[in-house]
Amino acid sequence: MSTPTPRVRMPSTAKAGDVIEVKTLISHEMESGQRKDAAGKVIPRKIIKQFVASFNGKEILRADWHPAISANPYQSFFVRVTESGTFLFQWIDDDGSVYKSEQKITVG
Amino acid sequence: MTDHSHGATRRAFLGTIAGGVALSVLPGVSLADEAMVAAEIKKIAGDKPIKDGKIKLDLPSIAENGLVVPLAFEVESPMTEADYVKAVHFFADGNPSPMIASFAFTPMAPKAAAAIRIRLAKTQNIVALAEMSNGEFYRASKEVKVTIGGCGG
């Protein structure tokens with residue numbers, strides 16, 4: 001599998017107190033562990049099991065995902081921004097890999 | 001002739017999609033049921049009362065493709081340090097596993113709302129359970145009819 005690529009869509013500037021929507025997507029097969037290959041062997045489960053969003057080191061949302069999450073998982077949510085800073089988004093794979101994306105926002 | 005070939009292409013296309021959904025569940029693998037969902041809810045809420053309401057569930061009544069079903073929700077809450085939604089859990093009573101996803105919120109989130117996309121093996125009920133910071137629980141559910149995957153594809 002190619003390395004999962006995260007994509008994040010959110011504003012880069014905002015006014016203090018604004019509520020912004022963050023939309024994220026990551027390329028990943030989210031292999032459920034319920035499928036068989038052509039030879040009839042079960043394809044082992046390999047999913048992203050957790051997504052964590054934080055801002056300036058403070059957690060906003062932690063999502064536990066199960067095999068019922070579609071391939072190329074999409075996750076959107078809301079944040080109120082009161083200061084400039086950096087968002088950190090982390091996707092944690094069954095195999096222990098952590099895929100990261102950082103986004104800066106300027107609050108004026 | 002044109003109509004015939006068009007129809008054949010369409011059938012082949014639908015067959016491919018239906019085959020993909022059928023593949024998502026092993027033959028002979030049992031699916032979850034209402035009792036399994038109830039057991040998962042009990043693990044989280046114990047014997048505490050669960051009220052209806054506060055949760056706005058946004059799911060289609062009919063999903064043409066069970067592989068990608070949009071799910072969005074919002075739980076009524078001021079989202080302050082004193083009163084916020086701690087977690088929202090989602091369950092399915094017709095998938096191989098009753099678990100879909102769980103979301104842990106903090107007061108950093110201005111509203112307990114999010115959107116994801118889920119897989120549904122067949123027509124079934126989606127159940128949401130919200131856990132408030134004061135220990136209260138709320139639930140909501142909605143049936144989603146799955147067109148492909150439920151029609152013998």
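Tutor: Lys46(A) forms a salt bridge with Asp93(A), the closest N and O atoms being 2.8 Å apart. This is a predicted model, in which local features need pLDDT of at least 70 and side-chain atom pairs count only at pLDDT 80 or more, while totals for chains, interfaces and linings use all residues. Residues are numbered from 1 along each chain as its sequence is written, chains are lettered from A and ligands numbered from 1 in the order in which they are written, and side-chain values use heavy atoms, with hydrogens and water left out.

Student: What is a salt bridge?

Tutor: Side chains of opposite charge can pair when their charged atoms come close. Here the term means a side-chain nitrogen of Lys or Arg within 4 Å of a carboxyl oxygen of Asp or Glu.

Student: Which parts does the pair of Lys46(A) and Asp93(A) tie together?

Tutor: Lys46(A) lies in the loop between S3 and strand S4 (48–55) of chain A, and Asp93(A) in strand S7 (residues 85–93) of chain A, so the pair ties together parts that are 47 residues apart in sequence. Strands (E, at least two residues) are DSSP runs, numbered from the N terminus.

Student: How is the size of an interface given?

Tutor: It is often given as the accessible area lost when the parts come together. Chain A and chain B bury about 2600 Å² between them (1.4 Å probe, summed over both), with 58% of it on carbon and sulfur atoms. Gln34(A), Ala68(A) and Phe78(A) supply 24% of the area that chain A buries against chain B, more than any other three residues. In contact (heavy atoms within 4.5 Å) are 31 residues of chain A and 30 residues of chain B.

Student: Which strands take part in the sheet, and in what order?

Tutor: Strands of a sheet pair through backbone hydrogen bonds, either parallel or antiparallel. Two strands pair here if DSSP finds at least two bridges between them. The open sheet has six strands in the order S1(A)-S3(A)-S6(A)-S7(B)-S4(B)-S2(B), with antiparallel pairing. Its edge strands, each pairing on one side only, are S1 (6–9) of chain A and S2 (55–58) of chain B.

Student: Where do the two chains join in it?

Tutor: S6(A) pairs with strand S7 (residues 112–118) of chain B in the antiparallel sense over three bridges. Ser76(A) has Ala115(B) as its bridge partner in S7(B). Ala115(B) is also the bridge partner of Ala72(B), and strand S4 (residues 69–75) of chain B pairs with S7(B) over seven bridges.

How values were computed. Buried area = accessible area lost by both parts, 1.4 Å probe. Helix = DSSP H or I, 4+ residues; strand = E, 2+ residues; numbered from the N terminus.
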